[in-house]
Amino acid sequence: MLNKPKAYPLTKHLAKHQPKRLTSSCNYQKKTSGFTLVELLIVMVILGLLASLVAPKMFDKIGSSKQGTAKTQMELFSTALDMYRLDVGSYPAQLSALRASNDISWQGPYLPKEIPNDPWGNAYYYKFPGENSEYDLVSYGNDNKKGGSEEASDIIH
């Protein structure tokens, strides 16, 4: 008779090769990640200092950009007023005539949209005949009063 190979139970064979399990009695600490309160406070102080240095310069730019916008709008009005004068023969008594008029020679509208307010929300001052030239076109700045300095200064075209 032939000798049969010896059969080993499968569980004994696998038990030899299984990795050891860690038990809860191991002495290792769980590492935590994050920032301490002191680190967060230091970052907040640095950001506050940067904001206090940069913010005033940025607000100055806003004021000068509004003045630039007013000058650009006044140039547009000036061009529209000149086109009106070429068609009708004289400048209009009011800026609203650039959008609608009953004059026979009127070929407008000379502005594509309604007449906007200045960047500070005030109406432009228009006077024909003007004191300084054929007409006066003025924005009185953010205070809407004659005179002033910086952002409150008058813009005259």
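How many strands form the open sheet, and is the pairing parallel or antiparallel? Three strands, that is 3, form an open sheet in the order β1-β2-β3, with antiparallel pairing. The edge strands, each pairing on one side only, are β1 (125–127) and β3 (155–156). Strands here are DSSP runs (E, at least two residues), numbered from the N terminus. Two strands pair if DSSP finds at least two bridges between them.

This is a predicted model: local features need pLDDT of at least 70, side-chain atom pairs count only at pLDDT 80 or more, and totals for chains, interfaces and linings use all residues. Residues are numbered from 1 along each chain as its sequence is written, and side-chain values use heavy atoms, without hydrogens and water.

| Strand pair | Sense | Bridges |
|---|---|---|
| β1 and β2 (residues 136–139) | antiparallel | 3 bridges |
| β2 and β3 | antiparallel | 2 bridges |

Tyr125 has Val138 of β2 as its bridge partner. Lys127 has Asp136 of β2. Ser139 stands opposite Ile155 in β3.

Strand β2 is covered on both faces. Asp136 and Val138 on one side are buried, as are Leu137 and Ser139 on the other. Buried means under 20% relative accessible area (1.4 Å probe, protein chains only).

The largest pocket has a volume of about 150 Å³. Its lining includes Tyr125, Asp136, Val138 and Ile156. Also among the lining residues are Glu131, Asn132, Tyr140, Lys146 and Asp154. By class, the lining has 4 nonpolar, 1 polar and 4 charged residues. A pocket is an open set of points on a 1 Å grid where a 1.4 Å probe fits, with protein on both sides within 12 Å along at least five of seven lines; lining residues have an atom within 4 Å of a point. The volume is the space filled by probe spheres set on the points.

How values were computed. Ala, Val, Leu, Ile, Met, Phe, Trp, Tyr, Cys and Pro count as nonpolar, Asp, Glu, Lys and Arg as charged, and the others, Gly among them, as polar. Helices (H or I, at least four residues) and strands (E, at least two) are DSSP runs, numbered from the N terminus. Buried means under 20% relative accessible area, exposed over 50%, partly exposed in between (1.4 Å probe, protein chains only).
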